[in-house]
Amino acid sequence: MNSIRRAPLLAPSFLAADLANLQAETERLASSAADWLHFDVMDGRFVPNISFGLPVLQAVARYAKQPIDVHLMIEEPQHYLAAFRDAGASIITVHYEACTHLHRVVQQIKQLGCRAGVALNPHTPVTLLEDIAADLDVVLVMSVNPGFGGQAFIPNTLKKVAALKELLIDAGSDALIEVDGGVSLDNAGPLVQAGTDVLVAGNFVFSAPEGPVATLARMREYLTGMELTAPERFAHERGQ
């Protein structure tokens with residue numbers, strides 16, 4: 001496992017973008033501090049909301065310069081993996097709670113040439129990933145109950161991220177820890193200190209008066225150098 005602290009990645013969430021102007025939103029993010037573009041897919045069954053799906057992803061992908069991080073908040077995601085890869089996904093994350101045969105689904109994602117992620121709802125303990133942690137590229141910790149944007153950050157997420165980081169170290173996993181829900185400059189620092197590698201921000205980025213590009217630049221400036229201040233990344237991953 002790589003013991004060098006990663007600089008945190010920024011992944012603005014299209015759920016909070018101007019949906020009537022997605023081409024313009026995608027094009028202006030191309031030259032921003034965004035590292036990934038986060039794309040939430042909701043089916044109205046796994047979560048109590050419906051967002052957007054394959055045709056919208058295809059449209060966004062035509063103009064995207066960053067990898068598209070697709071978060072499938074849907075039941076039976078295994079039936080749609082190839083379609084989302086073909087539509088433009090670089091990272092595909094499925095929910096632990098939606099997959100009866102999680103290991104098989106993770107392997108399917110990897111066989112498609114995408115990075116494989118698993119998301120955990122707020123009530124789901126990180127210990128459930130012990131047997132699969134070494135196979136994952138991303139673990140997405142939901143810091144709100146999934147389904148709607150604009151919710152308040154759940155403070156216990158900080159403890160959950162720290163526990164997950166320790167689990168990944170013990171498993172020898174290089175998986176990135178991603179956090180989604182209520183992320184802003186108020187909690188970005190503590191999240192990175194706890195072990196977060198990817199910050200998904202929606203309303204904070206797209207609803208800011210200065211606009212998403214300036215807001216992402218402000219987040220990047222704030223986070224620059226933080227990789228050197230995190231308690232030496234668990235004393236360089238507990239190597240002391």
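Biologist: Does Phe-39 count as buried or exposed?
Modeller: This is a predicted model, in which local features need pLDDT of at least 70 and side-chain atom pairs count only at pLDDT 80 or more, whereas totals for chains, interfaces and linings use all residues. Residues are numbered from 1 along each chain as its sequence is written, and side-chain values use heavy atoms, with hydrogens and water left out. Buried means under 20% relative accessible area, exposed over 50% and partly exposed in between, with a 1.4 Å probe and protein chains only. Because the relative accessibility of Phe-39 is 1%, this residue counts as buried.

Biologist: In what order do the eight strands of the open sheet stand?
Modeller: Strands (E, at least two residues) and helices (H or I, at least four) are DSSP runs numbered from the N terminus, and two strands pair if DSSP finds at least two bridges between them. The pairing in this open sheet is parallel, and the order is E1-E8-E7-E6-E5-E4-E3-E2.

Biologist: Which strands stand at the edges?
Modeller: An edge strand here has a single partner strand, so one side of it is left without a neighbour in the sheet. The two strands placed in this way are E1 (9–12) and E2 (37–42).

Biologist: Which residue in E5 stands opposite Ile-92?
Modeller: Strand E4, residues 91–95, pairs with strand E5, residues 115–120, in the parallel sense over five bridges. Within E5, the residue opposite Ile-92 is Ala-116.

Biologist: How many residues apart are the two members of the aromatic pair that has Phe-14 in the loop between E1 and helix H1?
Modeller: Rings of Phe, Tyr and Trp (its six-membered ring) pair if their centres lie within 6.5 Å, and planes under 30 degrees apart count as stacked, over 60 as edge-to-face and the rest as tilted. The structure holds two such pairs; in one of them, Phe-14 and Phe-206 are tilted, at 6.4 Å centre to centre with 45° between the planes. Phe-14 lies in the loop between E1 and H1 (22–29) and Phe-206 in helix H7 (residues 203–206), so the pair links distant parts of the chain, and the separation in residues is 192.

Biologist: Within what arc do the buried residues of H1 fall?
Modeller: The buried residues in H1 are Leu-22, Glu-25, Thr-26 and Leu-29. The arc is that of the directions from the helix axis to the C-beta atoms. Seen down the axis of H1, the buried residues line one face of the helix, because they fall within an arc of 95°.
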